[in-house]
Amino acid sequence: MNRCTAWVIGMAAGTILSTAAHAFDRGDPDAPQWREAEVELPVFPQPGNLREFYVSGATTHKFAIDTTTLSVGKDGVVRYVLVVQTSGGATNTSFEGIRCESGEFKIYATGHQDGQWVRVRQSASLSDWRRIENKPVNRHHAALARELFCPNGTPIRNSAEGREALRLGRHPAVAQP
């Protein structure tokens with residue numbers, strides 16, 4: 001299967017899974033509703049725990065996950081600390097989650113240079129689940145979801161599986177380009 005065909009199949013499967021997940025959330029009132037687990041902020045990332053991952057040839061930023069913070073909640077959300085080093089020298093740190101079934105991500109907190117977390121206010125748009133878009137430049141959430149933590153729209157089973165995907169540069173269940 002060539003790269004283009006794999007991409008088209010992946011996009012179609014993702015759309016179907018996303019539509020099904022949204023229908024489940026809004027559908028039958030007697031069906032069990034998804035509930036997000038309570039989230040505790042992790043320890044601030046240490047440089048030795050960061051594992052870089054590839055996003056795109058179109059970006060000059062460096063992206064890394066603190067592997068000690070990678071987890072999969074009982075709610076099916078993959079949570080992690082993301083560290084982005086921009087080409088201009090700035091470092092952006094955030095604690096985030098990906099909901100694989102719906103193709104969405106959420107930012108729980110942002111990190112400050114003093115090593116402290118600041119929770120995103122509930123009223124802020126960042127505190128909402130947002131659709132993951134596969135943009136050419138800022139596609140880090142798409143790379144995390146599609147290539148590492150949500151193979152075929154399903155969350156990784158545990159943090160060890162996620163760390164292995166990061167080590168390999170892709171999840172073993174994701175077709176090679």
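Predicted model: local features only at pLDDT ≥ 70, side-chain atom pairs only at ≥ 80, totals over all residues.

Student: OK, how many disulfides does the count come to?

Tutor: The count is one disulfide. C100 is joined to C150, with an S to S distance of 1.9 Å.

Student: Where do C100 and C150 sit in the chain?

Tutor: C100 is in the loop between β4 and β5, and C150 is in the loop between α2 and α3.

Student: Switching to rings. How many aromatic pairs are there?

Tutor: Six aromatic pairs by the count. One of them is F53 with F63, a tilted pair at 6.0 Å centre to centre and 50° between the planes.

Student: Which strands do F53 and F63 lie in?

Tutor: F53 lies in strand β1 and F63 in strand β2, so the pair ties together parts that are 10 residues apart in sequence. F53 is buried at 9% relative accessibility, and F63 is buried at 3%.

Student: What about the rings of Y80 and F149?

Tutor: Their centres are 5.9 Å apart and the planes are at 45°, so that pair is tilted. Y80 is in strand β3 and F149 in helix α2, 69 residues apart. Y80 is buried at 0% relative accessibility, and F149 is buried at 0% as well.

Student: Which residues form the aromatic cluster?

Tutor: F44, F95, Y108 and W117 form one cluster.

Student: And what sits over the ring of W34?

Tutor: The charged end of R99, 3.7 Å from the ring centre.

Student: New topic: S94. What does S94 touch?

Tutor: Leaving out residues up to four places away in sequence, S94 touches Y80, V81, L82, I107, A109, T110 and W117. S94 is in strand β4 and counts as buried at 10% relative accessibility. Its side chain also has a 2.7 Å polar contact with the side chain of E96.

Student: Last one: what phi does N152 have?

Tutor: A positive one, about 55°, although N152 is not a glycine. N152 is in the loop between α2 and α3, and at 57% relative accessibility N152 counts as exposed.

Technical notes. Residues numbered from 1 in each chain as written. Heavy atoms only, no water. Helix = DSSP H or I, 4+ residues; strand = E, 2+ residues; numbered from the N terminus. Buried < 20%, exposed > 50% of the residue type's maximum accessible area, 1.4 Å probe, protein only. Polar contact = N/O pair within 3.5 Å; in protein donor to acceptor, adjacent residues only side chain to side chain. Contact = heavy atoms within 4.5 Å. Disulfide = S-S within 2.5 Å. Phe/Tyr/Trp six-rings, centres within 6.5 Å; stacked < 30°, edge-to-face > 60°. Lys NZ or Arg CZ within 6 Å of the ring centre and 35° of its normal.
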